Amino acid sequence: MGEDSLVPRARSRLPVVCTGGLGLLTLLFAWLLDSDKFIERTGMIAFCITVERFIHSMCLFAEEWLFHSKQRYHGRINEIFQACFRGHVILGMCAIFLMLKLQWSFSEEQWSTMALMCAVYLLLKCLGVLGPCPVEISEICEMKKMNVAHGLAWSFYIGYLKFVLPDLQNKVSQYSSTRGKLSSPRLHILLPLNAKVPSKPEEDDTNVVFHENLPELERDTAGVRKRSYKNSVYKITQNNEAFSCVLEYATPLLTLYQMSHESSAGFGERERKQQVLLFYRTLSQILESSLECRSRYRLHTGDPHYLSREIIQHLKQQDGEIHMDPIQEPPNEVHPVPEEGPIGNINGALCANFPEDPVSSNPTLMFSQPQSLRSEPVETTDHFNQPNARRWD
């Protein structure tokens, strides 16, 4: 990933490592200050934390059991219990009961201190002071695949790309046999970072002009008989060069854009851009893991005013393959000595009836220039220099 890449990476374990390291250093510092009462105070704090979490879990259990038992859990108490109580809290309470059973006692001052700590924790928890920060919420949503972008990417793949991309090669072949060969057999999917999807690509770049549609794909979907799916071919011109390819915008971005303009959605401009980048990352991972869709698409996330330049650059890279000459056999080839006897006769007969395949005897190598065909999105700000480009409103 380049330095200017905008796609967010998956978060690492650095906060966990740092927190654990600082916690161990703090424990060591506390032990050095007062090693005589270190174990006793550690036990008190562990006791308080366990009781605090248990009381909070009991409050959650009361809410779920009284008001959401039937709707969310179908009346199953065990599911409510698993949703409210974490395993370490249950183990901690078992350890506390075992300690009390073994007559591990505390003084009145210690009980008072622990009660005060529990009260402060519950009040801070009630006020939301100890709640997760936005970064933690974002990490949880990404790990659990709970973002809007995840759902939109999977919907776009399952409901459209999963059956359109495998059939695209046949449609391109039908088109090429009658209309002429396309510059690229791939489907070029446009993902503007601002999620603003125009009805026509010509509105962003006048160098991109609609040509015609590919043959339609019909299939029965969700009760609709012979629902049609079609892709459009566009002509792209630059510096007296003309190219043609299949391209379209990612329609789920319309949902993100419209959600950001609905107050009830709670979706701002900053969240919209983050969701677009997560949509790009999720869709890339989905398509790359699909054997039927891999290498049949190309995602474009650059400045829409430079749409023609980016696509043409990709088309030229795609055609920039170097064909190496066949590897020639050395002149002093050593032929094996024919075997004598029955085995030699059998081998001779096999060689006479099944000669060596000339295709397999001349291996060839094909490799591309050291340039990436699938680059990460990069923000550009020099679109004012494009002669045929239009600015956003």
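A residue counts as buried when its relative accessible area is under 20%, as exposed when that area is over 50%, and as partly exposed in between. In this predicted model, glutamate 79 has a relative accessible area of 27% and is therefore partly exposed, and its side chain meets that of arginine 76 in a salt bridge with an N to O distance of 3.0 Å. Arginine 76, at 44%, is partly exposed as well.

Side chains of opposite charge can pair when their charged atoms come close, and a search of the whole structure finds seven salt bridges. One of them joins glutamate 142 and arginine 11 at 3.3 Å, N to O; because glutamate 142 lies in helix H7 and arginine 11 in the segment before H1, this pair ties together parts that are 131 residues apart in sequence. Glutamate 142 is buried, at 13% relative accessibility, whereas arginine 11 is partly exposed at 38%, and a network of salt bridges links Arg11, Glu142 and Arg281.

Helix H7 also has a part in the largest pocket, where its five residues are the most that any element gives to the lining. This pocket holds about 710 Å³ of space, and among its 23 lining residues, Arg53, Arg86, Pro132, Glu136 and Ile140 lie nearest its centre.

Finally, an unreviewed UniProt entry places a transmembrane region at residues 12–32, a span that is 90% helix and 0% strand in the model.

How values were computed:
Residues numbered from 1 in each chain as written. Predicted model: local features only at pLDDT ≥ 70, side-chain atom pairs only at ≥ 80, totals over all residues. Heavy atoms only, no water. UniProt positions renumbered as here; feature names shortened; annotations may be inferred. Helix = DSSP H or I, 4+ residues; strand = E, 2+ residues; numbered from the N terminus. 1 Å grid on protein atoms, 1.4 Å probe; cavity = no way out; pocket = protein on both sides within 12 Å on 5 of 7 lines; lining within 4 Å. Points joined across faces, edges and corners; volume = space filled by probe spheres on them. Salt bridge = Lys/Arg side-chain N within 4 Å of Asp/Glu carboxyl O. Buried < 20%, exposed > 50% of the residue type's maximum accessible area, 1.4 Å probe, protein only.
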